[in-house]
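Please look over the sequence and the structure below before you start, and keep both in view while you work through the exercises.

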Amino acid sequence: MHADVIIIGSGMGGATLAAALAPTGRRILILERGEHLRPSAYDRDATAIFGEGVFRSDETWLDGRETEFNPGNYYNVGGNSKFYGAALIRYRKEDFSTVEHLGGQTPGWPISYEDLEPDYQAAENLYEVRGTLGDDPTEPDHSGAYPHSAVQDEPDIADLRDRLRRAGLHPSSIPLGLDLDQWLEGGQTTWDAYPNTCGGKMDAETVGLETALSHSTVELWTGYRVTALNEGPDSRISSITVEKDGQVETLTAPLFVVAAGAVQSAALLLASANDNRPMGLANRSDQVGRNFMNHNCSAVMALHPLRRNRAVYQKTLMMNDFLLATKDHPPLGNVQMLGKITGPILSATTKLPKWLANRIAERSFDFYAMSEDLPTPESRVTLKDGRIKLDWQRSNWEAHVLLVAKLKRVLRQAGFPIVLSRAFDRRTPSHQCGTARMGTDPQTSVVDTYCRSHDHKNLFVVDASVLPTSAAVNPALTVAALALRAGRHITETEFAA
């Protein structure tokens with residue numbers, strides 16, 4: 001296939017961009033290193049998923065001390081979105097400006113919320129988001145309604161919502177990309193961290209790729225790993241080097257898009273160094289790989305020994321009372337329900353005896369506390385003898401500790417005498433972003449406000465690596481919105497003739 005555009009990666013950024021470009025009639029080739037997830041006996045097997053990690057890659061990276069670890073990423077068609085919790089939340093308007101945190105100040109964005117709002121609305125429509133406007137005081141202005149009404153609380157979660165209101169909070173519905181009936185037809189479990197092989201989640205494959213591949217000019221090739229971008233004499237990318245089944249070949253196109261994820265995109269740009277660009281491609285700023293961010297996250301379990309939680313999926317409720325600065329606290333973060341933790345999940349992740357894990361899980365209401373990680377140049381992706389080295393310099397931890405403490409206090413007020421918490425470590429990929437930051441100055445950023453490389457005019461980076469800040473909510477919808485914005489720009493500037 002002769003392609004007009006080659007997109008590297010089929011996750012939320014790459015798939016959404018392909019969907020945006022497909023109506024132009026240009027020939028689009030999407031390369032994915034993994035394969036399709038197919039229905040299997042493990043799809044709803046908590047022990048296999050959480051204990052044995054049957055879907056996780058066995059890849060290892062090096063940490064800052066050059067100790068090997070498994071990063072917990074997934075390589076398959078649709079990327080990590082195949083396992084995501086389907087929370088499609090907009091960044092708040094304030095996130096696009098500089099914000100003072102306990103751990104420092106964010107740099108702000110080179111675009112405003114208003115600049116991105118039409119693309120947020122388009123992304124919500126594309127991914128058929130279920131939500132409710134008006135019950136979250138931090139919700140920014142919307143130019144339209146959610147395409148569908150919110151996924152309804154189960155009875156015990158509806159009772160929890162009432163308890164939280166009485167405790168003075170403002171619980172709201174999580175905007176979700178989910179067909180609940182279709183999901184539950186595949187098994188009575190939550191969707192959070194489970195593979196989507198039944199089509200119940202609106203993910204990069206079921207929406208973005210399906211939309212793109214409905215056009216005859218779009219193709220998806222699986223099992224192709226891109227090892228290098230090759231620069232021509234005019235600073236444009238002339239070709240890419242790919243491997244499949246041990247065979248190496250070169251592919252050419254007028255336009256290239258890197259959308260492999262924050263770590264892998266940075267690693268690919270660094271690995272593509274040449275004599276003229278010894279620090280890697282798109283990297284005259286020396287910012288490729290820097291400013292890595294990964295949300296500060298904790299699981300929080302609220303229990304009452306005499307009250308059961310009969311919820312199957314649970315993940316319909318969030319609270320943003322601590323998200324933005326108030327007179328009582330600085331910005332602390334978002335709180336949302338985890339997918340329902342079951343005995344097998346708890347036993348697999350904590351090594352508790354099964355009988356005890358079952359008893360705890362039957363009574364627990366499970367929350368996900370998430371705080372912003374601030375960008376710093378020392379938190380970075382590099383290569384060590386060709387291997388990925390991720391030296392994550394966690395920041396703003398004090399704010400996260402305060403968020404968890406406030407959450408525990410209010411949950412006790414809501415009628416839960418026992419509240420436990422456990423922080424996630426680097427083995428849980430909590431929304432990796434920031435390694436090819438967006439900006440207007442080529443000396444301090446990697447891509448412009450449309451995700452085009454400052455250094456190579458026919459190269460775009462369209463994934464979470466371009467995010468200047470991590471905010472404190474799930475980034476999937478923002479990645480999709482930026483992909484739609486980039487797609488419109490490419491259509492207007494590259495395909496106008």
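This is a predicted model: local features need pLDDT of at least 70, side-chain atom pairs count only at pLDDT 80 or more; totals for chains, interfaces and linings use all residues.

Residues are numbered from 1 along each chain as its sequence is written, and side-chain values use heavy atoms, with hydrogens and water left out.

**Exercise 1. The whole chain**

Describe the secondary structure, the dimensions and the burial of the protein chain.

Solution. Begin with the secondary structure, which comes to eleven helices and 20 strands; helices (H or I, at least four residues) and strands (E, at least two) are DSSP runs, numbered from the N terminus. Next take the dimensions: the C-alpha trace spans about 70 × 50 × 50 Å along its principal axes. The radius of gyration, taken over C-alpha atoms, can be set against a globule rule of 2.2 Å times the number of residues to the power 0.38. For 497 residues a compact globule would have a value near 23 Å, and the 22 Å of the protein chain agrees with this. Buried residues make up 61% of the 497 residues. Finally consider contacts, meaning heavy atoms within 4.5 Å: of those between residues at least 6 apart in sequence, 72% join residues at least 24 apart.

**Exercise 2. An enclosed helix and its cover**

Which residues of α6 are buried, and what do they pack against?

Solution. Helix α6 spans residues 204-213. The buried residues in α6 are Ala204, Glu205, Thr206, Val207, Gly208, Leu209 and Ala212. Because seven of its ten residues are buried, α6 is largely enclosed by the rest of the structure.

**Exercise 3. Strands side by side**

Work out how β15 is paired with β14 and β16, and which way its side chains point.

Solution. Two strands pair if DSSP finds at least two bridges between them. Strand β14 (residues 317-319) pairs with β15 in the antiparallel sense over two bridges, and Met319 has Val335 of β15 as its bridge partner. On the other pairing, β15 and β16 run antiparallel and are joined by four bridges, with Met337 standing opposite Phe367 in β16. As for the side chains of β15 (residues 334-337), Asn334 and Gln336 point one way, while Val335 and Met337 point the other way, and all are buried.

How many bridges join β10 and β11? Strand β10 (residues 237-244) and strand β11 (residues 247-252) pair in the antiparallel sense over six bridges, and Val242 has Glu249 in β11 as its bridge partner. The hairpin has two residues between the strands, and there Asp245 takes a positive phi near 50°.

**Exercise 4. Residues in loops**

Find where Glu66 and Ala193 lie, and state the phi of each.

Solution. Glu66 lies in the loop between β3 (61-62) and β4 (68-69), and although it is not a glycine, its phi is positive at about 65°. Glu66 is partly exposed, with a relative accessible area of 38%. Ala193 lies in the loop between α5 (180-185) and α6, and its phi is near 75°, a positive value in a residue other than glycine. Ala193 is partly exposed too, with a relative accessible area of 23%.

Is Met438 buried or exposed? Met438 is found in the loop between β19 (418-423) and β20 (459-461), and it is buried, with a relative accessible area of 4%. Leaving aside neighbours within four places in sequence, the residues in contact with Met438 include Trp109, Pro110, Val447, Cys451 and Leu482. The C-alpha atoms of Met438 and Tyr450, twelve residues apart along the chain, are separated by 8.4 Å.

Conventions:
Buried means under 20% relative accessible area, exposed over 50%, partly exposed in between (1.4 Å probe, protein chains only).
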